[in-house]
Amino acid sequence: LQTLLSVAIMRALPLCSLLVMRCAAFVGLGRVRRDGLRSRPAASTNGELGSDSPPLRRSDAGQPFEEAELAAFDQWLEGQRSEAADGTENCPPERSQATIPGSSEIPSGGDSDLHVVDIHRIKHVLDAGAEVDTAFSFSGVAWQVLADLSTNAFGPGDIEVILHFPGMASTFGCEVFDVFAELFASARSEASSGLVELARLHVASAPLPGPALVLRARPRTPEETALALERRAASVAASQNEGGCTEAVRRFVGRVVVGDLVDTGASETKGASEAKGACPYTESVDWAATSLSKQGVEPGPVAYRFEACSDALDAMAACWRGFAEVLNTAETDLSTTLLSLPAVAPPPPLDQAAPAVAEAAAASQARFLGFSDLVSRSLMLYGLDQLFGLVFFHPLYDRNAVAPKDDPSYGHIPPLSWLPSMLRRTGSSEEQIEWLAGSEENLGCSNFQRRAPLLVVNILRGSQLVAATGGLSVVEIEVPAASASSASDAATWGATRKVEASGLRTYSRNAIKLATQGELELLLELADEMNLAYPAA
């Protein structure tokens, strides 16, 4: 009943109002204080619009347009379409004949090649506002609006939103919008592996002097509607257990991070581990970034954040709100954020037959991997991974399932195939190395560094990672040139290659301790925490 009521309420809310609220909310939170993020001052919003510019009001962020303004915009766009058909100079080079086709004609990929909009399909035009003038704020607003398109139910036809960014006009070229569209097209083409809700959405950059993004959502199929209802039910259940989820994450942090294990994603600074044992930077479940004052990083509180959303794009928007909060909050007031997302990729219930549990587990892991990959790529798209570090957690975490399996992946632990070389470099005996690497169970216990009771995204500050790693902590080691499990690599198996790695002492120590503790004990501890996050009905 609660699920159906939620769906009915969401259908009743005007879409435009939702988009305006979410767009304005991010802009209000995401005002960047770092001068280095602005390549030049924001464009003036008081200048006269020329005949080649769309008649869009450059008003406060997120404000919708009046009917007269929409009519003027439609007239301008009709002229642009006519000129595009003639191949005139107002269209981008080599794209003068490109159009956005109807939903039945949309290809499987290449959204970024679609530029000229069919005005008969336009439903909403939004102004992101002049304050959105950086790649950071642009990304946040775009993910917010995509989240609203993904989570709300519509009528029988397609819906389109033109999202206009007047503040980006004098700062960035069309490439910013093109690469965003290409990223989304790439993620959507891989949607069958996990993030199925992306399949009905399309993103294109538009040839507006503004410039703008065109976002389209087609109606859900019956199968997609059923999945959406299942996800919404998971979201309702999560919203009723925020306290249990947060307590479960706090217990995991206390057991793994504050205990004898640490997984900061970076190596220890010299002397830190001697002062704090295996946990040089985390003093308690509520306090982080300790032992880094000499490197210019002050300790601060850990922020536990919770989102009950189940839609992957809604969770993307939540991550970007988290990025904005960290960026705009002093490190003494917020050191790091742990964002709990229990409904995005929940583990399977165990009260089903074994085949059903296995199928649900595979789907959960696929969603986690697809989501973590999209979050990582969205930051790296504009080099924003220099501002933040990411650490991903999930109950079914398996490093061998993360791509690339035998190379580093942003937000994940090093490849398990690197551990023997790490142990050797940090002084472990050959007998100890053989004991660890000779058993898949022992080696696989390292996954429990990231097996939290639910999906968690840890947002770290880039300054903390730089201070924690330092130049001396990055070393060169020899690792296998290929995976023994890959038949195609059989010819090169046994060869080695040199790679740079950090965190050797941390990951080596954790690997030995976890394997010594044993998989069964680790599973039982994790199960206790998962029972808090997902109590039995």
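This is a predicted model: local features need pLDDT of at least 70, side-chain atom pairs count only at pLDDT 80 or more; totals for chains, interfaces and linings use all residues.
**Whole protein.** Start with everything selected and coloured by secondary structure: there are 16 helices and twelve strands. Colour next by burial; of the 537 residues, 52% are buried. If you display contacts with a separation of 6 or more, 75% of them link residues 24 or more positions apart. Switch to a surface view. The protein exposes about 22900 Å², and 53% of that area comes from carbon and sulfur atoms.

**Largest pocket.** Now select P346, P347, P348, P349 and Y534 and centre the view on them. Among the 45 residues lining the largest pocket, these are the closest to its centre. The volume of this pocket is about 1500 Å³.

Which elements give two or more residues to the lining? Select 222-239, 354-380 and 519-533: they are α6, α10 and α16. Of the elements, α10 gives the most, with nine residues. Keep α10 highlighted while you colour the lining of the largest pocket by residue class. Its residues divide into 33 nonpolar, six polar and six charged.

**Cis peptide bond.** The peptide bond that joins A403 and P404 is cis, with omega at about -5°. To place P404 in the chain, also show 388-393, which is β9, and 419-425, which is α11; P404 is in the loop between β9 and α11. The tour stops here.

Definitions and conventions. Residues are numbered from 1 along each chain as its sequence is written. Side-chain values use heavy atoms; hydrogens and water are left out. Helices (H or I, at least four residues) and strands (E, at least two) are DSSP runs, numbered from the N terminus. On a 1 Å grid over the protein atoms alone, a cavity is a set of points where a 1.4 Å probe fits but cannot get out, and a pocket is an open set with protein on both sides within 12 Å along at least five of seven lines; lining residues have an atom within 4 Å of a point. Grid points are joined across faces, edges and corners, and a volume is the space filled by probe spheres set on the points. Ala, Val, Leu, Ile, Met, Phe, Trp, Tyr, Cys and Pro count as nonpolar, Asp, Glu, Lys and Arg as charged, and the others, Gly among them, as polar. Buried means under 20% relative accessible area, exposed over 50%, partly exposed in between (1.4 Å probe, protein chains only). Contact means heavy atoms within 4.5 Å. Accessible areas come from the Shrake-Rupley method with a 1.4 Å probe; for residues, only the protein chains shown count as cover.
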